[in-house]
Amino acid sequence: MVAKLKWSPLLPLLLLLAGMVGMSRAGNIAVYWGQNGNEGTLADACNSGLYAYVIVSFLSTFGNGQAPVLNLAGHCDPGSGGCTGLSSDIQTCQTQGVKVLLSLGGGSGGYGLSSTDDAQSVATYLWDNFLGGSSSSRPLGAAVLDGIDFDIETGNSAHYDELATFLSQHSAQGQKVILTAAPQCPYPDASLGPALQTGLFDNVWIQFYNNPPCQYTSGDASNLQSAWNTWTSSVKAGSFYLGLPASQDAASGGYVPPGDLTSTVLPGVKGVGSYGGIMLWNRYYDVQNNYSSQVKDSV
Ligand SMILES: *[C@@H]1O[C@H](CO)[C@@H](O)[C@H](O)[C@H]1NC(C)=O
């Protein structure tokens, strides 16, 4: 009884510490936005309060000396300067602490880097047109994005390590340029392997979909878990995210129903490597399926 009274003042402190540990373990949700005109605005996505990162996708043409082309599906026409109005959305997002990234690549489009000089010129283009530099024709207007995402899925893997290095050199000059990458789950990734070896990426969101050898399949998380273990022990990065389809329709395979995610999949991946949260493809399917809302508290 005496001991109990003596120690009881510590209880609130212990509870507070336990709460802080819990908070530090809570993961983030990252979502791709930009490939479906019916997914709502960028500001809507950020105002939902669901996401820590919104990844504007895609800069689908760049490199090989080509004029870079932004593709935001039905949202706006970048060719006529029609996407500059997104600047105010981007600022809305950033005011709420949501980081806004520009994704390079995607599943289609003509892109690739032909040389070190080409990588340097793409890095300079990105800096001047989307990051802290300046240009008279910034496609998204004056807002300064938080970083660049590499979603390289076609073409060869050459010179992306140099592109990452050149972009990271801007961080040294002041404002941090966040670098993220979205490799496919088979390790190593055919397109991003050398770039990821640089160790320069803050977040790596691994695509556990459209990849039968390593995706979740009808109740079986063993292939996913084994790929997660390999990725997190083989690549040096700030943190790793479980990349998932936001609905059954969002990919040809790999969908994890919310209940399975929280009961089976997340407990397995959270304990291995530097877990950061989940990434969802994409905002449109997330709205349709209400996925983030259902899993957010467990992520
Ligand atoms: C989405 O999921 C949340 C959490 O389970 C729930 O509260 C909300 O009602 C759902 N919204 C819709 C539109 O189904």
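Me: Buried means under 20% relative accessible area, exposed means over 50%, and partly exposed is in between (1.4 Å probe, protein chains only). With that in mind, which residues cover the two faces of β7?

Reply: N203, W205 and Q207 are on one side of β7, V204 and I206 are on the other, and all are buried. Strands here are DSSP runs of E with at least two residues, helices are runs of H or I with at least four, and both are numbered from the N terminus. One caution: this is a predicted model, where local features need pLDDT of at least 70 and side-chain atom pairs count only at pLDDT 80 or more, while totals for chains, interfaces and linings use all residues. Residues are numbered from 1 along each chain as its sequence is written, and side-chain values use heavy atoms, leaving out hydrogens and water.

Me: Thanks! Why is β7 largely enclosed by the rest of the structure?

Reply: Because 5 of the 5 residues of β7 are buried.

Me: And why would residues face both ways in a strand?

Reply: In a regular strand, side chains alternate between the two faces of the sheet.

Me: Which strands does β7 pair with?

Reply: β7 (residues 203–207) pairs with β6 in the parallel sense over 2 bridges, and with β8, again parallel, over 5 bridges. Two strands count as paired if DSSP finds at least two bridges between them. Towards β8, I206 stands opposite L242.

Me: What unit do β7, α8 and β8 make?

Reply: A right-handed β-α-β unit, with α8 at residues 222–234. Right-handed means that, with the strands pointing away from the viewer, the path from the first strand over the helix to the second runs clockwise. β5, α6 (residues 160–172) and β6 make a right-handed β-α-β unit too.

Me: How many bridges join β5 and β6?

Reply: 4, in the parallel sense, with β5 covering residues 147–152. G147 has I178 as its bridge partner in β6.

Me: Let's zoom in on T180. Buried or exposed?

Reply: Buried, because its relative accessibility is 0%. T180 is in β6, and its side chain makes a 2.7 Å polar contact with that of D149. A polar contact is a pair of N or O atoms within 3.5 Å; within protein, one must be able to donate a hydrogen and the other to accept it, and residues adjacent in sequence count only if both atoms are side-chain atoms.

Me: Which residues does T180 touch?

Reply: Not counting residues up to four places away in sequence, L101, I148, D149, F150, F201, N203 and W205. Contact means heavy atoms within 4.5 Å.

Me: New topic: which residues touch the most other members of the largest nonpolar core?

Reply: F150, L242 and I278, in a core of 80 residues. α5 (residues 116–130) gives the most to this core, with 7 residues. A second, separate core of 16 residues includes A30, Y53, A182 and W205. A nonpolar core is a set of buried Ala, Val, Leu, Ile, Met, Phe, Trp, Tyr and Cys residues joined through side-chain atoms within 4.5 Å.

Me: Last one: where is S247?

Reply: In the loop between β8 (239–245) and α9 (258–270). S247 counts as buried because its relative accessibility is 7%.
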